[in-house]
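Okay, everyone, thanks for coming.

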Amino acid sequence: MKSTFSKILFFFLGSFFLASCSKTPDTADPKKSFIKIYNENSFSNAVTAVDVVETKEGYLVLATNQIPDQQFPGVTLLTVDKEGVVIKKNDLPETYVSPSKGLFASGDNYRFLCMNNISTQTYITEVNAKGEFVQATPINQSYPLCFGLAADNSYLVLGYSQSKRASVLSNINTSFAQVWTKDYNILEEVDEPVFAHVSGTGRRLPFAVGQTSSHYFYNGFYNYSFSLVFANPANRNISGVVNGFRYSGGFSAAVPIEGNTFAMSRFYFGDTYFMPRQTLNPSATSVSKDLEGRHMLELAPDAFVSINRYTIGGRKLLFYASNTKNNQIGVYTYDETTGAFIKSRYFGFNVPCEFASMSLTADNGLIITGSAYVNARFKRICLIKLSESELENLVK
């Protein structure tokens, strides 16, 4: 296994550098440019990257660890140094399962959302920069679906109530006290898609939470469909909604830019459309399938889409990332001001890959985490570090 893994890693790296532009001094520095795939002793476990942050010593990756015959995936944290060399791997106790995307700094520690494996209660869990467990604080929420930040850097948590058949949006302060909570009626049972999402046995739905300059919003279940719901900040009552088409159409990503302008992506019966500048009325009712966008023919059906806003060299940019039909990670850059497409780049020419998360780094580069299928069978964490020159090439 070890020799086969080494060969696959060699081919993967070779493909990356062949696809790159001519070498510059920063790409030769292993701290500034690398690709790593992290092996796992177990042949049966599937390790899926969820999120990544840069630490003082290197990078911290949050992942799920799917163990056969276990109902929910466990929580794995991988810490690596600036060159991507493993420092430590930690598996949290089996009580904590199904982590959501969202890994937020709190002092020298990091917080994320996960679930109790028996009661399905939500925890805000804290670890240190080495991925070592610090504390897990339960909050009054079940089936955590996503984790985000409000404008004041408090936490927004979206969950699901079986008994009420409702999406539940809560605001939690940084001391873990509940500020407010609000139920939004789904009007039907959605246990099956919720369970598939948190168990990792089916489609992971593109739940999201956030706050614009005028409204809270969540992307999730409401009124028989997967919809983008806007709520008045004073009383959290619904002010407007962009309805999906049942659970086969809706938004796969929504990031506020300014005012009522969003960078978005939508899905419709498996197809994906990018909309880098889309105006929405948070006080009206509309339908997502009526919005135009660039049809992304190369993306996998119902592709996971991530949108990040970055300022590079004084330019405001959008970085879209997703998964292609060829099992590659696609990164697409747009001008935030105009919505104009700039460039695309693909990773994973010989090893199938799935995207999870990305972040700018302190050395003006970019770190990307995802999952690689070693031997096309064994799902493992991968890290791709782009140097400053490689990142600049993506936005020219």
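D290 is exposed, at 55% relative accessibility; by the cut-offs here, exposed is over 50% relative accessible area, buried is under 20%, and partly exposed is in between, with a 1.4 Å probe and protein chains only. Its partner in a salt bridge is K289, with the closest N and O atoms 3.9 Å apart. K289 itself comes out as partly exposed, with a relative accessible area of 37%. For the term itself: a salt bridge here is a side-chain nitrogen of Lys or Arg within 4 Å of a carboxyl oxygen of Asp or Glu.

Quick word on the source. This is a predicted model, where local features need pLDDT of at least 70, side-chain atom pairs count only at pLDDT 80 or more, and totals for chains, interfaces and linings use all residues. Residues are numbered from 1 along each chain as its sequence is written, and side-chain values use heavy atoms, leaving out hydrogens and water.

Strands, by the way, are DSSP runs (E, at least two residues), numbered from the N terminus. E54 is partly exposed at 23%, and K82 is partly exposed at 25%.

Then there's R277 with E258, where the closest N and O atoms are 3.9 Å apart. This one also bridges distant parts of the chain, with R277 in strand β21 (residues 271-279) and E258 in strand β19 (residues 249-258), 19 residues apart. R277 counts as partly exposed, at 33% relative accessibility.

How values were computed. Helices (H or I, at least four residues) and strands (E, at least two) are DSSP runs, numbered from the N terminus.
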